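Here are my notes on this structure, written for someone new to reading models. Please keep the sequence and the 3D view open as you go.

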Amino acid sequence: MLRPLITSATLATLLASGVSAETLRYATARDVYGLDPHAVTDSFTNIFTHHIYEPLVRYDADLNIEPALATRWEMIEPNRIRFFLREGVTFHGGEALDADDVAISLMRAVDPKSPLRGNLPGLKAVEKVDDLTVDLVMEGPTPLLNNYLTNIFVLDSGWLETHGATAPIDASRGEEGHTTNNANGTGPFRLESRRPDALNVLVANETWWDTPQHNLTRIEHSPIASAATRVAALLSGEIDLIEPAPLQDAARIDAAPGVRMLENPGLRSIMMGFNMGPALNDGNVEGNPLADLRVRQAIYHAINMDLIRDRIMRGKSRVTGSLIAPEVKGFTDAMDERLPFDQDKARALLAEAGYADGFAFNLNCPNDRYVNDEGICQAMAAMLSQVGLEPRLVTEPRQIHFQKVDERKVDMFMLGWATLPMLDGFSVLSAMLATPGGEYGTFTPSGYSNPRVDELTRAVAVEIDEEKRQAMMIEALMLAKADIAWLPVHQQPLSWAASDKVEVPQAADDLVRLWYARVNP
């Protein structure tokens, strides 16, 4: 899954050579939503805060789970897992890590008001055994518990209480608190300063409990929305690493001295969602045609994904019929089959559904979140127009886009999902296909609901037998596929670019882990 750009041997050589510590200047298309690790489910924000905060267990450079703030764990009962905390860990403010910090952090993350609650389903309580031991009490057997925990970061309980921050906030709703622009973690870097949408500065945590594999003393993160400006900053030497790098500039970057493209297959699946509620948000007909399966099938047939791959994605995307990538548990070849591009079939299905003359609806896309997101939607709008539909294209910055999606003010809309952090098909089932309720369906804005999918999803959540679990997961995903609950688009490629001096691993989850990065002289 990981395509390392440096090997362990190379790392060891660099460490042994005593290469000097360096500043890494890093630019992305956008800023983080804030520094509160429980305030968003956004994977980019979560990986950035992972430089500051840490979980009980973490993914290593090969995406295997390893101990972090917990050194070991054991099952006491099927629904009670005991975690033993690492001794001698301190927060950046000097406070010692203990069981109270873990308890308040995990319960804050699963609070009913927390947007992160769906990332740790089934947690009923955290019980303190002693200062360095906690029991996680689950609603039932939880086969993915450690996968979930890789993304649940621990904050200092006293710091939260001092700053009135024990209650969760939801950044997607514009909520802010002390934790939005301040931080106090245990991780490899600590926050030096933050200017939202301008500059975030992290410096190395000299008292980190782990042995650093990086040689960085300082990370300067700059959000640069313009792809052209990001590339220019890299080529001029102002920036050392950019993510994403525009595909259309790949050849130019590779031909330039001192820089190179970093490209690999990615896990993130891009898809289109549908409003399946009683009425369109921006329609010209009564009711909601998108709630009719035949109409969704027609839209599917009308989109030429091979053309989008070749023209918009420069041949670097993987056209898919599945909501999860082949590397993710639950994937099957049958799941990957698409409805064929057939505009005559699309017109026939629209006529059969009573919309031979088409209808108008809004088509919403971000213009700064996914690789060539705006271009993809422009192409889709043109293709849908060719079968008589009237998509009203709206492209907007991600924050506005996802706020509209969350508020269900969209009819057809773009979303990307990489099954993070659990790297399992249950991520899609529980968050995007389940009927909303409790920790389930936290990102099912379409109104989609299938009782059998719900039944299977809840069974998958507690099934320990891996073979049975896989079979149920596949059945549920195939049912949703037949319903066209979401329209799969493609798995987008990873596309970064960096100075030749920078060494950093590029994992399939497209998350930049600078605690493995090195800047060479």
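This is a predicted model: local features need pLDDT of at least 70, side-chain atom pairs count only at pLDDT 80 or more; totals for chains, interfaces and linings use all residues.

1. Look at helix H9 and helix H11. H9 covers residues 293–302, and H11 covers residues 343–352. Their axes come within 8 Å. They cross at roughly 165°. Angles over 145 degrees count as roughly antiparallel, so H9 and H11 are roughly antiparallel to each other. The crossing of these two helices is left-handed.

2. Which residues of H9 meet H11? On the H9 side they are Arg294, Val295, Gln297, Ala298, His301 and Ala302. On the H11 side they are Gln343, Lys345, Ala346, Leu349, Leu350 and Glu352. Sorted by class, the H9–H11 contact has six nonpolar, three polar and three charged residues.

3. Stay with H9 and ask about burial. How many of the 10 residues of H9 are buried? Seven are, and H9 is mostly covered. The buried residues are Val295, Arg296, Ala298, Ile299, Tyr300, His301 and Ala302. Several elements take part in covering them. Among them are H11, helix H12 (373–386) and H16. Strands also contribute, including E13 (269–274), E17 (412–417) and E18 (486–491).

4. Next, take helix H15 with H16. H15 spans residues 451–462, and H16 spans residues 466–483. The two pack at an angle of about 155°, with their axes 9 Å apart. H15 and H16 are therefore roughly antiparallel to each other. H15 passes H16 in a left-handed crossing. From H15, the contact uses Arg452, Val453, Leu456, Ala459 and Val460. From H16, it uses Arg469, Met472, Met473, Glu475, Ala476, Leu479 and Ala480. The classes in this H15–H16 contact are nine nonpolar, no polar and three charged.

5. Now compare your view with helix H10 and H12. H10 runs over residues 305–312. The axes of H10 and H12 come within 11 Å and cross at roughly 140°. That angle makes H10 oblique to H12. The crossing of H10 and H12 is right-handed. Met305, Leu307, Ile308 and Ile312 of H10 make the contact with Gly375, Ile376, Ala379, Met380 and Met383 of H12. The H10–H12 contact has eight nonpolar, one polar and no charged residues.

6. Turn to charge. Side chains of opposite charge can pair when their charged atoms come close. How many salt bridges does the count give? It comes to 36.

7. Aspartate 31 lies in the loop between strand E1 (22–28) and helix H2 (43–49). Arginine 194 lies in strand E8 (residues 189–195). The pair therefore ties together parts that are 163 residues apart in sequence. Are these two residues buried or exposed? Both aspartate 31 and arginine 194 are buried.

8. Strand E8 also holds glutamate 192. The side chain of glutamate 192 meets that of arginine 218 in a salt bridge (3.1 Å, N to O). Arginine 218 sits in strand E10 (residues 216–223), and the two partners are 26 residues apart. Glutamate 192 is partly exposed, with a relative accessible area of 43%. Arginine 218 also counts as partly exposed, at 25% relative accessibility.

9. A further pair is glutamate 396 with lysine 404. Their closest N and O atoms are 2.9 Å apart, and they form a salt bridge. Buried means under 20% relative accessible area, so glutamate 396 is buried at 15%. Lysine 404 is partly exposed, with a relative accessible area of 25%. Elsewhere, salt bridges that share partners join Arg80, Arg82, Glu127 and Asp135 into one network.

10. Finish at aspartate 483, which lies in helix H16. What does aspartate 483 touch, leaving out residues up to four places away in sequence? The residues are Leu293, Arg296, Tyr448 and Asn450. Aspartate 483 and asparagine 450 are 33 residues apart in sequence. In space they are 8.9 Å apart, C-alpha to C-alpha.

Conventions:
Residues are numbered from 1 along each chain as its sequence is written. Side-chain values use heavy atoms; hydrogens and water are left out. Axes are lines fitted to C-alpha atoms, for helices over the stretch in contact, and angles run from 0 to 180 degrees between N-to-C directions. Helices (H or I, at least four residues) and strands (E, at least two) are DSSP runs, numbered from the N terminus. Angles under 35 degrees count as roughly parallel, over 145 as roughly antiparallel, 65 to 115 as roughly perpendicular and the rest as oblique. A crossing is left-handed if the near helix is turned anticlockwise from the far one by less than a right angle, and right-handed if clockwise. Contact means heavy atoms within 4.5 Å. Ala, Val, Leu, Ile, Met, Phe, Trp, Tyr, Cys and Pro count as nonpolar, Asp, Glu, Lys and Arg as charged, and the others, Gly among them, as polar. A salt bridge is a side-chain nitrogen of Lys or Arg within 4 Å of a carboxyl oxygen of Asp or Glu. Buried means under 20% relative accessible area, exposed over 50%, partly exposed in between (1.4 Å probe, protein chains only).
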